[in-house]
Amino acid sequence: MGYKGRSMSPCRLTPLLLLLVLLNAGSALAQDKGSVNPKPLPPLANPNDPKLGAKELFARKLLPSTGPAHVIGSYVKGCIGGAAQMPLNGENWQVMRLSRNRNWGHPDMIALIKRLAAKAHKDAGWPGILVGDIGQPRGGPALSGHASHQIGLDADIWLTPMPDHRLSREEREETSAVMMVREDRLDIDPNVFTPGHVLVLRDAAQEPAVQRIFVNPAIKKALCREAKGDRSWLSKIRPWWGHDYHFHIRMRCPPGAGECQSQPSQSEDEGCKPSDLAYWFSDSVLHPKPPPTPPKPKPPMTLAQMPAACKAVLRAPDAKP
Ligand SMILES: [Zn+2]
């Protein structure tokens, strides 16, 4: 029900456009490798150019703004002041792709990931979680990879369990995540997708502040088949494009965050009926045909198109590192 509703999507890209983005990006986005010595972005010739993409401005902020956490706007058009940093290492987690500098988020999100890492270890014997992109220090649109992740309330968690050692800087940039989906895309690969994955996803979905979790449709199908006992959490697990290697946690707007633009809550239905999933396994979705003429890329979102308060977030002084 509504499982393909665009308003629910982690991004506003149309399926077709998303496909092109994915194709252009080569392999899946989470697979992009980084560098141990990333080159700093060059200064902007004209930062006040009204046509400049806001992503150019947000990507150049290396630290959050000072002050308490302040969420402004929506998951796909917004920013965050006073973001917190996910520490690079914990007993049950490690942050990946440090060169991206996207381990910043709302303090509630940072606390949630730490809690999830400990819980997954306890419940599923999960060795620990590998943390992918949360957001930029001040949120906002990014130069690559996501349409959402703009307000510190989205986080990507790798489906690859944490290795048994402290990863080096190189390993964090170079290691590829494991593909969980079978080659025909109709189901998970049982050699890599384990009962532990079901428990980790359940633990994440059972967090009251988590509103949605995006996974590949084959993973949703597997969870529907494998989930035992209380299955109410399945309603939060949404099939979506990509997400073959990671799952995406989206938190609700925090209480009292008046400028955070929330999404409607989804139905409480498990979403496990064959009719709920049929769309995702239809031929046109599994084997999409490229359009005869590629659609023109849209101009990037400008700062003027974003909530006005994001200007102040960009201008605010750096928080102390
Ligand atoms: Zn994501």
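Modeller: One cut-off before we start: a residue is called buried when its relative accessible area is under 20%, exposed when that is over 50%, and partly exposed in between. Keep in mind too that this is a predicted model.

Let's take Thr 160. With 12% relative accessibility, Thr 160 falls under the 20% cut-off and therefore counts as buried. You'll find Thr 160 in the loop between E8 and helix H4 (169-174). Leaving aside residues up to four places away in sequence, Thr 160 touches Leu 130, Ala 177, Val 178, Met 180 and Tyr 245.

Now on to the metal. The zinc ion is coordinated by His 149 through NE2, Asp 156 through OD and His 248 through ND1, at 2.1 to 2.2 Å. Written along the chain, the spacing of these donors is H-x6-D-x91-H. His 149 sits in the loop between strand E7 (129-131) and strand E8 (154-158), while His 248 belongs to strand E11 (residues 246-251), so the two histidines tie together parts that are 99 residues apart in sequence. Both His 149 and His 248 are buried.

Next, the aromatic rings. A search of the whole structure turns up six aromatic pairs. One of them is Trp 241 with Trp 280, edge-to-face, at 4.5 Å centre to centre and with 65 degrees between the planes. Trp 241 lies in the loop between E10 and E11, and Trp 280 in the loop between H7 and helix H8 (283-286), so this pair ties together parts that are 39 residues apart in sequence. Both tryptophans, Trp 241 and Trp 280, are buried. Trp 280 also pairs with Tyr 279: the ring centres are 5.2 Å apart and the planes are at 80 degrees, so that pair is edge-to-face as well. On the accessibility side, Trp 280 has a relative accessible area of 3% and is buried, whereas Tyr 279, at 26%, counts as partly exposed. Put together, ring pairs link Phe 214, Trp 240, Trp 241, Tyr 279 and Trp 280 into a cluster.

Lys 221 lies over the face of Phe 281, 4.5 Å from the ring centre, and the charged end of Arg 250 sits over the ring of Tyr 75, 4.3 Å from its centre.

Then there's helix H6 (residues 217-226). Seven of its 10 residues are buried, so H6 is largely enclosed by the rest of the structure. Those buried residues are Pro 217, Ala 218, Ile 219, Lys 220, Ala 222, Leu 223 and Cys 224. They pack against helix H5 (195-205), strand E9 (210-215), strand E10 (237-239) and helix H7 (274-278). At the N-terminal end, Asn 216 caps H6, with a side-chain oxygen 2.6 Å from the backbone nitrogen of Ala 218.

Last stop, a hairpin. Strand E1 (residues 70-74) and E2 form it, with two residues between them. The two strands run antiparallel and are joined by five bridges, and Ser 74 stands opposite Lys 77 in E2. In strand E2 (residues 77-81), four of the five residues are buried, so E2 is largely enclosed by the rest of the structure.

Notes. Residues numbered from 1 in each chain as written. Predicted model: local features only at pLDDT ≥ 70, side-chain atom pairs only at ≥ 80, totals over all residues. Heavy atoms only, no water. Donors = N, O, S within 2.8 Å, 3.2 Å for Na, K, Ca; no water. Buried < 20%, exposed > 50% of the residue type's maximum accessible area, 1.4 Å probe, protein only. Contact = heavy atoms within 4.5 Å. Polar contact = N/O pair within 3.5 Å; in protein donor to acceptor, adjacent residues only side chain to side chain. Pairing = 2+ DSSP bridges. Phe/Tyr/Trp six-rings, centres within 6.5 Å; stacked < 30°, edge-to-face > 60°. Lys NZ or Arg CZ within 6 Å of the ring centre and 35° of its normal.
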